[in-house]
Amino acid sequence: MANRKATIGRMTWAACLMVPVALLAIASGEEPDRERAAPPVAAPDAASAARAFMATLDAAAREKALYPLADEERFDWHFIPRERNGLPLAGMTVEQRAAAHDLLQSALSSQGYHKANAIIELERVLGVLEGRPERRDPENYYVTIFGEPSAGGAWAWRFEGHHLSLNFSSPSDLLTVTGPAFMGANPARVPSGPKAGWRPLGREEDLARALLLSLSAEQRARATIEAEAPSDILTGNDREARLDAFEGLPADAMDEAQRAILFDIVHEYVGNMTNDFDWMVRVRTEIPASNIHFAWAGSQEPEEGHYFRVHSPVFLIEYDNTQNDANHVHSVWRDLENDFGGDALVRHYEESDHH
């Protein structure tokens with residue numbers, strides 16, 4: 001195995017409280033006015049949070065958690081239950097787990113962090129519903145760091161487990177690129193028990209269906225690409241997300257109210273990140289409306305199999321809810337220019353004298 005040694009600064013911790021895995025679901029209700037929302041404050045320093053996490057690790061934990069930046073492991077991402085490389089929550093001390101959550105919060109917005117924890121909590125729910133609680137482990141989620149976290153250099157990290165794969169790259173300075181970012185939910189709607197009706201990823205579906213139903217018959221025919229939804233997101237866990245063509249209804253064929261819903265769908269995904277404001281500026285002012293396509297496949301009715309995507313030259317959103325009688329969501333955000341750090345990290349490999 002390649003040498004994974006890294007220079008790690010030590011720091012004193014004032015408190016090491018366990019961060020609970022189960023958090024409250026995002027409350028439904030009136031949404032804030034996206035147009036008038038103020039730009040977010042600067043995101044926490046992910047490099048500092050990563051170094052703080054690394055400072056809690058002993059030699060055995062570092063051997064599991066740390067990889068060279070150029071290691072192919074960085075691209076081996078997935079969202080199914082399987083064996084993974086990295087340091088699992090189950091193998092962390094209370095101090096390490098708290099630091100891991102601090103790292104996750106440095107890259108996600110409050111919305112994104114709550115969704116991530118809700119997805120983890122669904123493992124408990126799924127175990128009860130299946131009658132096999134031992135098979136579903138909310139501590140079977142892993143932190144993996146690639147390279148040496150630095151505010152001025154290139155590095156990357158991943159938080160991953162069943163239905164959750166969040167990949168972050170920092171090509172330079174404090175820039176953080178998010179992608180691929182997968183979130184899933186099984187069950188999509190909890191059918192019974194204390195959490196009956198809970199839908200951690202419900203707003204994504206509701207917004208897309210609202211847009212579909214707002215379309216005229218002609219628009220809807222253009223947006224609908226297949227009568228039957230695919231069995232999963234089309235790009236799967238591909239290293240590079242590719243679709244053959246842009247399909248569906250372009251945003252310039254929508255009226256203002258319809259485009260507002262489309263932008264809300266995009267915001268529901270980029271709003272999971274700390275750099276969501278930058279993305280929404282690009283979507284509203286830099287990407288031509290003719291280049292943003294909304295596509296739907298499958299039934300228009302709730303609780304029946306359906307799929308949608310929002311596709312532009314620079315980003316892709318895919319959402320599929322067909323499995324388990326359309327109560328099992330797979331959903332992903334892909335940065336088509338900079339997934340896994342894109343060209344900036346490629347240049348780092350080529351130019352660095354220590355790659």
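**Ground rules.** I am working from a predicted model, where local features need pLDDT of at least 70 and side-chain atom pairs count only at pLDDT 80 or more, while totals for chains, interfaces and linings use all residues. Residues are numbered from 1 along each chain as its sequence is written, and side-chain values use heavy atoms, with hydrogens and water left out.

**Whole protein.** I noted that buried residues make up 52% of the 355 residues. Buried means under 20% relative accessible area, exposed over 50%, and partly exposed in between (1.4 Å probe, protein chains only). I also looked at contacts, meaning heavy atoms within 4.5 Å. Of those with a separation of 6 or more, 68% join residues 24 or more positions apart.

**Helix H3.** I turned next to H3, residues 94–107. At 1.5 Å a residue, its 14 residues should span 20 Å, and its end C-alpha atoms are 21 Å apart, which agrees. The expected span is 1.5 Å times one less than the number of residues. I found 10 of the 14 residues of H3 buried, so this helix is largely enclosed by the rest of the structure. Among the buried ones are Arg97, His101 and Leu104.

**H3 against H4.** I then checked how H3 packs with H4 (residues 110–130): the angle is about 130° and the axes are 8 Å apart. Axes are lines fitted to C-alpha atoms, for helices over the stretch in contact, and angles run from 0 to 180 degrees between N-to-C directions. H3 and H4 are therefore oblique to each other; angles under 35 degrees count as roughly parallel, over 145 as roughly antiparallel, 65 to 115 as roughly perpendicular and the rest as oblique. His101, Leu104 and Gln105 of H3 meet Tyr113, Ala116 and Asn117 of H4.

**Two single residues.** Is histidine 293 buried or exposed? I saw that histidine 293 counts as buried, at 12% relative accessibility, and that it is found in strand E9 (residues 293–298). Leaving out residues up to four places away in sequence, histidine 293 touches several others, including Phe246, Pro250 and Arg309.

I finished with arginine 74, in the loop between strand E1 (66–67) and strand E2 (87–88). At 3% relative accessibility, arginine 74 counts as buried. Arginine 74 and alanine 156 lie 82 residues apart in sequence, and I found them 8.2 Å apart in space, C-alpha to C-alpha.

Terms used:
Helices (H or I, at least four residues) and strands (E, at least two) are DSSP runs, numbered from the N terminus.
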